[in-house]
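These are my notes from going through one model. I list what I looked up, entry by entry.

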Amino acid sequence: MSALFDFHKVWGYVAISANAIAGVIALIAWRQRKARGRWIWIVTIIAEAMMMLQVLVGTILVVSKDYAAPRFHMFYGFLAFLTVGLAYQYRTQMRGRTEMFYGLVGLFLMGLGIRAVMQVS
């Protein structure tokens with residue numbers, strides 16, 4: 001569990017950075033039509049999957065009873081999980097503004113990650 005906990009600490013920063021980059025890229029693509037393409041969605045999916053892996057590892061740590069996380073840290077993890085699901089659910093309603101929507105989602109996930117890290121620091 002110690003190695004998993006160390007992974008969780010490091011991977012949190014990786015997932016936060018990835019979602020920040022994906023969010024900024026999607027917002028640039030929203031403003032610059034020539035920057036759009038399939039690659040934006042690949043970056044976004046990878047960044048969101050990284051955050052979901054972070055939530056999964058955190059859940060495993062809490063279930064193991066070897067790690068007691070602060071309540072708000074777990075809340076932010078749950079909220080990140082919920083955000084990815086809701087973003088996927090509402091993607092069709094954002095036609096014409098999908099890049100903007102996922103750009104803001106990426107930045108929101110970055111913010112949730114930062115808040116979660118601040119709870120344990």
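Over which ring does the charged end of Arg91 sit? I found it over the ring of Tyr88, 3.8 Å from the centre. The test I used asks for NZ of Lys or CZ of Arg within 6 Å of the ring centre and within 35 degrees of the ring normal. I also noted Arg31, which lies over the face of Trp30 at 5.1 Å from the ring centre.

Ground rules. The model is predicted, so I take local features only at pLDDT of at least 70 and side-chain atom pairs only at pLDDT 80 or more, while totals for chains, interfaces and linings use all residues. I number residues from 1 along each chain as its sequence is written, and side-chain values use heavy atoms, with hydrogens and water left out.

Helix α1. I took helices as DSSP runs (H or I, at least four residues; strands are E, at least two), numbered from the N terminus. The 30 residues of α1 should span 44 Å at 1.5 Å a residue, and the end C-alpha atoms are 44 Å apart, which agrees. The expected span is 1.5 Å times one less than the number of residues. I located a bend of about 25° at Trp11, taken as the angle between axes fitted to the seven residues ending there and the seven starting there. Buried residues of α1 include His8, Gly12, Asn19 and Gly23; here buried means under 20% relative accessible area, exposed over 50% and partly exposed in between, with a 1.4 Å probe and protein chains only. The cover over the buried residues of α1 includes α2, α3 and α4.

Helix α2 and what follows. Just after α2, Lys65 takes a positive phi of about 70°, although Lys65 is not a glycine. Lys65 belongs to the loop between α2 and α3 and counts as exposed at 74% relative accessibility.

Residues of α4. Beyond four places in sequence, I see Phe101 in contact (heavy atoms within 4.5 Å) with Ala87, Tyr90, Arg91 and Met94. Glu99 also lies in α4 and counts as buried at 11% relative accessibility.

Rings. I searched the whole structure and got seven aromatic pairs. Rings of Phe, Tyr and Trp (its six-membered ring) pair if their centres lie within 6.5 Å; planes under 30 degrees apart are stacked, over 60 edge-to-face and the rest tilted. Phe7 and Trp11 have centres 5.3 Å apart and planes at 20°, so I log them as stacked. Phe72 and Phe75 have centres 5.9 Å apart and planes at 85°, so that pair is edge-to-face. Phe72 is partly exposed at 49%, as is Phe75 at 39%. Ring pairs also link Trp41, Phe101 and Tyr102 into a cluster.
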